[in-house]
Amino acid sequence: MTKANKVLFITQEITPYVSESEMSLVGRNLPQAIQEKGREIRTFMPKWGNINERRNQLHEVIRLSGMNLIIDDTDHPLIIKVASIQSARMQVYFIDNDDYFQNRLQVIDENGVEYEDNDARAIFYARGVLETVKKLRWCPDIIHCHGWMTALAPLYIKKAYKDEPSFRDAKVVFSLYDDDFKQPFHPDFASKLLLKGITKKDITDLKEPIDYTALCKLAIDYSDGVIQQSEHVNEEVMEYARQAGKPILGYQSPENFADACNDFYDQVWGEEQE
């Protein structure tokens with residue numbers, strides 16, 4: 001069986017750029033472990049406004065920046081930055097934009113209130129990563145998405161970008177965390193998703209209110225494998241994945257996770273190769 005040699009990580013959090021959490025530790029340690037197993041990796045996260053660019057030595061990649069993404073009929077410039085985690089010999093690419101990420105925290109503001117435009121930020125992030133990977137002319141075999149902010153990537157990969165050489169053969173894995181959000185997305189969210197290659201039919205199951213459960217179900221619809229990342233996750237979403245017959249990796253202890261995940265990539269990659 002052929003192996004999946006290239007793995008793209010689309011992640012919501014990576015330590016040390018943001019404070020330690022279950023997700024940011026996975027974002028930091030899993031790509032390194034997978035790289036040490038001989039696979040080639042690329043890693044992306046949003047350039048949240050609370051990331052200290054000077055201390056973390058981020059710098060803009062001019063050749064990758066400068067594109068505009070149109071969301072809701074408005075142009076939003078895409079800025080790409082990069083930094084290295086020296087001890088892991090690992091580069092991290094950051095998706096940045098003045099409206100969505102600069103001078104703003106992660107998914108909640110200083111008062112603990114979720115940002116009104118988190119839906120548009122998620123769209124910009126997913127599309128920003130895919131446009132950048134296209135420009136890198138890199139063709140991942142496995143694309144591993146972490147956190148609800150990445151939940152739109154599977155839809156875009158399988159529909160809007162399905163004919164792109166970078167994504168044509170890629171398999172998508174979605175990790176489910178205990179990372180619920182409270183405020184449903186705007187009622188016009190589904191129409192903001194529409195793009196060449198995505199029709200209303202592709203998102204007919206996306207019923208209002210578009211809450212955390214609905215968003216994760218959409219991610220599962222277009223993923224090839226699902227990982228229960230946290231010990232306790234939304235059971236309705238897990239059951240949905242089981243009913244859909246997707247390959248599932250159950251919860252693993254942190255010390256076993258990288259090995260189990262490494263094997264799971266080959267399982268998902270081998271599904272149609274057999």
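User: Buried means under 20% relative accessible area, exposed means over 50%, and partly exposed is in between. Where does lysine 134 fall, buried, exposed or partly exposed?

Analyst: This is a predicted model, and in it lysine 134 has 29% relative accessibility, so it counts as partly exposed.

User: What does lysine 134 form a salt bridge with?

Analyst: With glutamate 164; the closest N and O atoms are 3.5 Å apart. The two sit in distant parts of the chain, 30 residues apart: lysine 134 in helix 2, glutamate 164 in the loop between helix 3 (153-158) and strand 8 (171-176). Glutamate 164 has a relative accessible area of 25%, so it is partly exposed too.

User: OK, how many salt bridges does the structure hold?

Analyst: It holds 15. One of them joins the side chains of lysine 37 and aspartate 259, at 2.5 Å from N to O. Lysine 37 is in the loop between helix 1 and strand 2, while aspartate 259 is in helix 7 (residues 254-270), 222 residues away.

User: And how far apart are N and O for aspartate 266 and arginine 39?

Analyst: 3.1 Å. Aspartate 266 lies in helix 7 and arginine 39 in the loop between helix 1 and strand 2, so this pair ties together parts 227 residues apart in sequence. Both residues are buried, whereas lysine 37 is partly exposed at 37% relative accessibility and aspartate 259 is partly exposed at 42%.

User: Which residues are linked in a network of salt bridges?

Analyst: Lys47, Glu53, Lys81 and Asp96.

User: Switching to aromatics. How many pairs are there?

Analyst: Eleven aromatic pairs. Take tryptophan 48 and phenylalanine 101: the ring centres are 5.5 Å apart and the planes are at 80 degrees, so the pair is edge-to-face.

User: Why edge-to-face?

Analyst: Because planes over 60 degrees apart count as edge-to-face, and the angle here is 80 degrees.

User: Where do tryptophan 48 and phenylalanine 101 lie?

Analyst: Tryptophan 48 is in the loop between strand 2 (40-46) and strand 3 (59-60), and phenylalanine 101 is in the loop between strand 6 (90-96) and helix 2 (118-136), so the pair ties together parts 53 residues apart. Both residues are buried. Phenylalanine 101 also pairs with phenylalanine 124, tilted, at 6.3 Å centre to centre and 55 degrees between the planes. Phenylalanine 124 is in helix 2 and is buried, with a relative accessible area of 0%.

User: Last one: which residues gather in the patch of negative charge?

Analyst: Glu22, Asp178, Asp180 and Glu231, on the surface. Glutamate 22 is in helix 1 (residues 22-36) and is partly exposed at 38% relative accessibility.

Key:
Residues are numbered from 1 along each chain as its sequence is written. This is a predicted model: local features need pLDDT of at least 70, side-chain atom pairs count only at pLDDT 80 or more; totals for chains, interfaces and linings use all residues. Side-chain values use heavy atoms; hydrogens and water are left out. Rings of Phe, Tyr and Trp (its six-membered ring) pair if their centres lie within 6.5 Å; planes under 30 degrees apart count as stacked, over 60 as edge-to-face and the rest as tilted. Helices (H or I, at least four residues) and strands (E, at least two) are DSSP runs, numbered from the N terminus. Buried means under 20% relative accessible area, exposed over 50%, partly exposed in between (1.4 Å probe, protein chains only). Patches are made of residues with over 30% relative accessible area and no salt bridge: like charges are joined within 9 Å, nonpolar side chains (Val, Leu, Ile, Met, Phe, Trp, Tyr) within 5 Å. Accessible areas come from the Shrake-Rupley method with a 1.4 Å probe; for residues, only the protein chains shown count as cover. A salt bridge is a side-chain nitrogen of Lys or Arg within 4 Å of a carboxyl oxygen of Asp or Glu. Lys and Arg count as positive and Asp and Glu as negative; His and the chain ends are not counted. The place of a charge is taken as NZ of Lys, CZ of Arg, CG of Asp or CD of Glu.
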